[in-house]
Amino acid sequence: MHPAVFALKRTHQATRRRLDGRLARYDLTATQNDVLVALYYRSDVEQHALAETLGVSGPTLARILDAIEERGLVTRTESPTDARINVVSLSDRSTAVVRDLTEAEGEAFTEAFLDGFSHTDVADLVRMLDRIAENMGDTSENIYR
């Protein structure tokens, strides 16, 4: 394995462990958090478009939504223009949770993650990681732009 691949894998694992620890306080998994954050930035989204944005299959997203909908964190409603399409939205309760996660928790997490990097370093890192994702065939959308 190339050292760059190994370093990226180690980084992913360490980041995931740290993130899982923070999300446990909210009884969320990283994947559930991804869904909630995507909805926080995009609001009402058609279910198939949300799956594309997150880079997951329709059935995988449906299982995730089942779990968080049961907890009252999201709602699925029928599209007003096409009854075959579900529109997914955050509930009022989850909006507050996601705001806390992205603001207070997210700020502390980001500070630890980017400690020692300049703004230029961070911009370069994002550009390089986006390029690697594209090289690996990722077609999902970066929701943070």
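Leu8, Leu129, Ile132 and Met136 together make a nonpolar surface patch of about 380 Å². For a patch like this, residues need over 30% relative accessible area and no salt bridge, and nonpolar side chains (Val, Leu, Ile, Met, Phe, Trp, Tyr) are joined within 5 Å. A salt bridge here is a side-chain nitrogen of Lys or Arg within 4 Å of a carboxyl oxygen of Asp or Glu, and accessible areas come from the Shrake-Rupley method with a 1.4 Å probe.

Keep in mind that this is a predicted model: local features need pLDDT of at least 70, side-chain atom pairs count only at pLDDT 80 or more, and totals for chains, interfaces and linings use all residues. Residues are numbered from 1 along each chain as its sequence is written, and side-chain values use heavy atoms, leaving out hydrogens and water.

Back to Leu8: you'll find it in helix α1 (residues 3–24). Helices are DSSP runs (H or I, at least four residues), as are strands (E, at least two), numbered from the N terminus. With a relative accessible area of 38%, Leu8 is partly exposed; buried means under 20%, exposed over 50%, and partly exposed in between.

Now for helix α2 (residues 30–42). Its 13 residues reach 18 Å from first C-alpha to last, close to the 18 Å expected at 1.5 Å a residue (the expected span is 1.5 Å times one less than the number of residues). Buried residues in α2 include Val35, Leu36 and Leu39. Those three turn up again in the largest nonpolar core, where Val35, Leu36, Leu39, Leu50, Ile68 and Val74 touch the most other members out of 22 residues. Such a core is a set of buried Ala, Val, Leu, Ile, Met, Phe, Trp, Tyr and Cys residues joined through side-chain atoms within 4.5 Å. Helix α2 gives the most to this core, with six residues.

What about the aromatic rings? Rings of Phe, Tyr and Trp (its six-membered ring) pair if their centres lie within 6.5 Å; planes under 30 degrees apart count as stacked, over 60 as edge-to-face and the rest as tilted. By this rule there are two aromatic pairs:

| Pair | Centres apart | Plane angle | Type |
|---|---|---|---|
| Tyr40 and Tyr41 | 5.5 Å | 85 degrees | edge-to-face |
| Phe109 and Phe113 | 6.3 Å | 15 degrees | stacked |

Phe109 and Phe113 both sit in helix α5 (residues 92–113), four residues apart, about one turn of the helix. Phe109 is buried at 15% relative accessibility, whereas Phe113 is partly exposed at 38%.

Definitions and conventions. Patches are made of residues with over 30% relative accessible area and no salt bridge: like charges are joined within 9 Å, nonpolar side chains (Val, Leu, Ile, Met, Phe, Trp, Tyr) within 5 Å. Buried means under 20% relative accessible area, exposed over 50%, partly exposed in between (1.4 Å probe, protein chains only).
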